[in-house]
Amino acid sequence: TDLYAVVGNPIAHSKSPDIHNAFAEQTGEDLFYKTLLAPLDDFEGEVARFLEHGGSGLNVTVPFKENAFRLADSLTARAQRAQAVNTLKKMPDGTLQADNTDGAGLVRDLTVNHSVNLTGKRILLLGAGGAVRGVLQPLLEQDPAGIVIANRTVSKAETLAKDFADLGRISASGFAEVEGSFDLIINGTSASLAGELPPIPVSVVHQNTTTYDMMYGNQKTVFNLWAEEQGAQKTIDGLGMLVEQAAEAFYVWRGVRPQTARVMQSLRNERR
Ligand code: ATR
């Protein structure tokens, strides 16, 4: 039995063990997946001990995504771009490879689970932190008409736009200055945690707009409620992204792609 874990602090409430152990059962892969609480000042030591004791791979969550980026011996291209890491894999030669599966998870949830085609579409991305940086490359690979990044701190949006300019049409803006309407609006800010809304003009929503909140909870997020009031056609929360980034990590480790629909359904049922 191969051993995997999600490492973070805090970590007790992570849904990842349920998700991955369900994937293992479904695919017949002989593995067990648990939580790993790392001390805030010794992520590196905790990871080293886990690998010494036979661990094969890790998911990395708050607040260690940047530690993982620094710790890795090698980086996939998408992890390099993201400058943050959510998946570590022990390679056959014993080195540690880092990957970021968040963006692939978001794109797969949108395109496969929700049939939202991104090619040629106008996309507004709210926020310019790690969550947004992690999804830009996979979004741009879908060849959208353009991406506008809007953030409270405009300089951070400008930095991101510059860092990804070689991959597609991308520009930066403040919230109030966003112009025009969008086919897809993705909320990657942590404003929802405080029950707040990024102050964007209502004119960004048109009747065919889809919104995606990277957050999820028991109720519809404040952002998606707002979008619905403005007449958005479809509003999606981040539960699907959570399950799809896990499936992508499972694929990175095992070379087998699990099906996600049933796991997603049981997580949705749990919330009621
Ligand atoms: P994450 O890893 O979740 O992206 P982060 O790197 O701290 O976390 O980024 C948080 C993002 O949410 C940033 O874009 C932040 O805006 P600033 O760059 O201006 O700080 C945004 N954010 C946090 N609280 C917000 C609020 N109340 N309203 C609008 N944006 C907010």
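G231, which comes after helix α8, has a positive phi, near 95°. Helices here are DSSP runs of H or I with at least four residues, strands are runs of E with at least two, and both are numbered from the N terminus. The model is predicted: local features need pLDDT of at least 70, side-chain atom pairs count only at pLDDT 80 or more, and totals for chains, interfaces and linings use all residues. Residue numbers start from 1 along each chain as its sequence is written.

Helix α8 itself covers residues 222–229, and F223, N224, W226 and A227 in it are buried (20 or more other C-beta atoms within 10 Å of the residue's own, with C-beta atoms placed from the backbone). Viewed down the axis of α8, these residues fall within an arc of 155°, so they line one face of the helix; the arc is that of the directions from the helix axis to the C-beta atoms. An α-helix has 3.6 residues a turn, so residues three or four places apart point the same way. The buried residues of α8 pack against β10 (182–187), β11 (205–213) and β12 (234–237), where contact means C-beta atoms within 7 Å.

Those strands belong to an open sheet of 6 strands in the order β9-β8-β7-β10-β11-β12, with parallel pairing (at least two DSSP bridges between two strands). β9 (170–173) and β12 are the edge strands, each pairing on one side only. From one strand to the next the twist averages 20°.

Axes are lines fitted to C-alpha atoms, for helices over the stretch in contact, and angles run from 0 to 180 degrees between N-to-C directions.

Key:
Buried ≥ 20, exposed ≤ 12 C-beta atoms within 10 Å, placed from the backbone. Contact = placed C-beta atoms within 7 Å.
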